[in-house]
Amino acid sequence: MTENSMTDTNSSFDLAAELKAIVGSQYTLTDEDKTKPYSQGFRLGGGKAYAVVRPGSLVEIWKCLQACVKADVIVIMQAANTGLTGGSTPNGADYDRPIVIISTMRIDDIQLLDQGKQIVGFAGSTLFGLEDTLKPYGREPHSVIGSSCIGASIVGGVCNNSGGALVQRGPAYTEMSLFAQVTQDGELQLVNNLGIELGTDPEEILTNLQNKTYQEKDVQFPEKRGSDNEYHERIRDVDADTPSRFNNDPRRLYEASGCAGKLAVFAVRIDTFPIPEKYQVFYIGTNDPAVMEQMRRDMLSTFKNLPVSGEYMHSSSYDISKKYGKDSYLVIDKLGTKYIPKMFALKRTVDRWAGKLKFMPSKFSDIMMQYASQLFPNHLPKRMEDFREKYEHHWIVETSNDGVAEAQAYLENFFKDNEGDFFVCTKREADQAILHRFVTGGALTRLHIMNKKKLGSIMTIDVAFPRNERDWFEELPKDIEEKVAVKMYYGHFFCHVMHQNYIMKKGVDAKAVKKQILSSYDARGAEYPAEHNVGHEYVAKPALREFYQKTDPTNSFNSGIGGTSKLKNWQELSGEHTGCGCHK
C-alpha cells in the first residue's frame with residue numbers, strides 16, 4: 001500500500017475521505033506544508049505523514065483508529081510534540097506502511113476526583129492546565145517545572161516516563177488508564193483500567209467519560225498506584241550501585257506508563273499533591289564537584305525532610321542559556337506559560353511561509369527571535385550573575401515546609417569549612433533562577449541554528465548515574481575532547497540524572513563519538529536515557545523492547561521507536577537498525 005493509494009484489498013476504502021467524514025476537512029491535513037509541523041520533532045527527527053487528524057472528542061479518536069486499523073496504516077499518537085528525542089513523529093522513510101498522526105491537543109479536559117486528590121487527564125490535557133485547575137483546591141500536579149514551561153501534556157509525560165526532578169515524587173507513573181490497542185489478531189480493542197464504571201461498549205465508555213455522566217458511586221479506588229509512591233525512599237539510598245530512575249526500569253513499565261505511544265491512550269488517572277505552605281529556594285555555587293556530591297549525599301541520607309528539587313547548571317549552560325534562551329525566558333516571564341503553545345504555533349506558521357521563499361533562511365523564526373531578544377537588557381538578577389563570575393557549578397535547591405529551616409541550618413554550617421557559598425533567594429530570584437535553568441534545553445538548538453555554517457552536528461545524552469557515583473562530573477578523554485566544539489552540562493542533581501549535550505566540530509561523526517561515550521557509561525553502571533524516553537535517538541534495551549512487543553504485537557503504533565523494527569508484526573529489515581544517535 002502506498003501513500004497515494006490508501007485502499008483496502010477491495011479497492012473501496014478511501015482513508016482520507018473517511019477521516020474527513022469523522023473529524024471534518026478542517027481537521028484533516030494532507031498537504032505536506034500543513035502536516036510538517038506535526039511530522040517534524042521539537043528538537044530532532046521527522047518524516048512524511050500521509051495525514052494528520054485532529055479529533056475533537058474521545059469518540060472521534062476511536063473512530064479514527066478504527067479507520068486506520070482497517071486501512072492497515074501506522075498510527076502515531078501525538079500530544080504537544082515537545083519531546084526531545086523525536087519519539088512522537090515519523091523518523092525517516094523506511095516504513096512499510098503509510099503513517100497517520102493523530103494529534104490530541106483539542107481534547108484537553110481534566111476531571112477532578114476525590115476533591116482534587118486525583119484527576120483524570122484526557123489525551124491533550126497539559127501540565128499548566130492542570131496547575132490552574134488544581135490551585136483552588138490547594139494542590140498541584142506531579143510536575144510543576146521543566147516540561148510544564150513548554151506546554152507538555154499529562155498523557156505524554158506518563159507514556160514517556162517523564163519527570164522525576166521533584167525528588168519526593170519520582171517519574172510520571174500510573175497504573176490507571178483508558179487505552180486502545182491492536183491485538184495479535186489485528187483487532188482494535190478498548191481497555192478501561194481507569195477504575196471508573198463507564199459501561200461496556202467502546203463508544204458508550206468514551207461518551208460517558210467525555211460528558212462525565214458517571215456518578216460518585218461509579219468511581220472505585222483500587223489498590224493501584226497513581227504515582228511512583230516509592231521513589232522518595234529509593235532516592236535516599238545513596239550507596240546503591242544502580243540509578244534511582246531511568247527509562248528502561250522494568251518496575252515502572254505498566255500499560256500506558258512507559259508505552260511510548262505503543263498504545264492509543266485516551267486518558268490517565270493520576271495523583272495530585274498538596275501545595276507546600278512554606279517554600280524556599282537556595283542558590284549554591286562551588287568550583288569543586290566533590291563539594292556538590294557531599295551536599296547531595298548529606299541532604300538525601302540525613303535530612304528529615306527531603307528537598308523538593310535540586311537543579312544543576314554548569315557555567316557553560318548558564319552562559320548559553322543566558323544568550324540563546326533569552327527570548328523563551330522573556331516570553332514565559334512576561335506572558336506566562338499559557339502563551340507558549342501560541343508562540344510555537346506562530347513560529348511554525350512563520351517558518352512554513354518563509355520556507356516557500358527560496359531566499360529566506362531555514363528556521364527563520366528562530367533567527368528573528370534571537371536578534372530581537374538581544375534588544376532587551378540583561379534579564380538575570382545581580383546575585384546570580386555574581387555567582388557566575390565566581391563559580392563553575394551552580395545548584396538551585398528548592399525546599400518546603402520544615403525542610404526550609406533544616407536546609408538553611410545545614411548550608412550555613414557546611415560552608416564554614418567547605419569551598420563555595422550560597423544565598424537565600426527572594427521570591428523573584430527563585431522564579432528567575434528556575435526559569436533560567438528550564439529554558440536551557442532549547443538554548444543549544446538555538447546556538448546551533450545561529451552558528452550552523454561553523455558547527456557540526458548536535459549530539460545529546462540523557463544519562464542516569466548510579467546513586468553511589470562520586471565522579472559524576474564528566475572529563476572527556478583528549479581524543480573525544482578534540483572533536484567537540486561546544487559542551488553543555490545540566491541536570492537533576494539529587495537523582496544523578498544529567499543532560500550532557502554537545503555540538504561537534506565540522507566533519508566529525510557524532511554517532512561514533514556518542515557510541516564511545518555511552519560505552520564508558522556502560523562500564524560505570526549508568527543507564528540511558530534517564531527520562532526522555534528512547535525516541536529515535538536511543539536503542540531500546542531488551543526489557544523495553546519486550547514491553548513494546550507485548551503491548552503492540554502487530555507493531556501498529558509508533559513503529560520504529562527505540563531503533564526497533566518499522567515493519568508490520570516486528571519483521572526485521574536486512575542489516576541492523578541502530579537508531580539515530582545525532583541530528584543535523
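Predicted model: local features only at pLDDT ≥ 70, side-chain atom pairs only at ≥ 80, totals over all residues.

Entry 1: I began with Asp72, which forms a salt bridge with Lys568, the closest N and O atoms being 3.2 Å apart. I then looked up where the two residues sit: Asp72 is in the loop between α3 (58-71) and β3 (74-78), whereas Lys568 is in the segment after α19 (542-551), so the pair ties together parts that are 496 residues apart in sequence.

Entry 2: Next I looked up Glu230, whose salt bridge with Arg251 has its closest N and O atoms 3.7 Å apart. The pair links distant parts of the chain, with Glu230 in the loop between α6 (202-210) and α7 (231-236) and Arg251 in the loop between α7 and β10 (264-271), 21 residues apart. For Glu230 I noted a relative accessibility of 32%, so this residue counts as partly exposed; for Arg251 the value is 32%, which again means partly exposed. I also noted that Glu230 and Arg251 belong to a network of salt bridges that links Glu175, Arg225, Asp228, Asp249 and Arg252 with them.

Entry 3: Which residue forms a salt bridge with Asp386? I found Lys382, with the closest N and O atoms 2.9 Å apart. Both residues lie in helix α13 (residues 382-390), four residues apart, about one turn of the helix. Asp386 is partly exposed at 30% relative accessibility, whereas Lys382, with a relative accessible area of 61%, is exposed. For the structure as a whole I recorded 29 salt bridges.

**Entry 4: the sheet.** I then traced an open sheet of seven strands, in the order β15-β12-β14-β13-β17-β18-β16 and with antiparallel pairing. Its edge strands, each pairing on one side only, are β15 (421-424) and β16 (458-464), and the twist averages 15° from one strand to the next. Within the sheet I looked at β13 (residues 309-314) and β14 (residues 393-400), antiparallel strands joined by six bridges, where His314 has His393 in β14 as its bridge partner.

**Entry 5: helices on the sheet.** Helix α8 (residues 289-302) packs on the sheet and touches β12 (279-286), β13 and β14, its direction making about 15° with that of β14. Helix α16 (residues 440-450) also packs on the sheet, touching β13, β16, β17 (484-492) and β18 (497-504), and its direction makes about 170° with that of β17.

How values were computed:
Residues numbered from 1 in each chain as written. Heavy atoms only, no water. Pairing = 2+ DSSP bridges. Axes fitted to C-alpha atoms, helices over the stretch in contact; angles between N-to-C directions. Contact = heavy atoms within 4.5 Å. Salt bridge = Lys/Arg side-chain N within 4 Å of Asp/Glu carboxyl O. Buried < 20%, exposed > 50% of the residue type's maximum accessible area, 1.4 Å probe, protein only.
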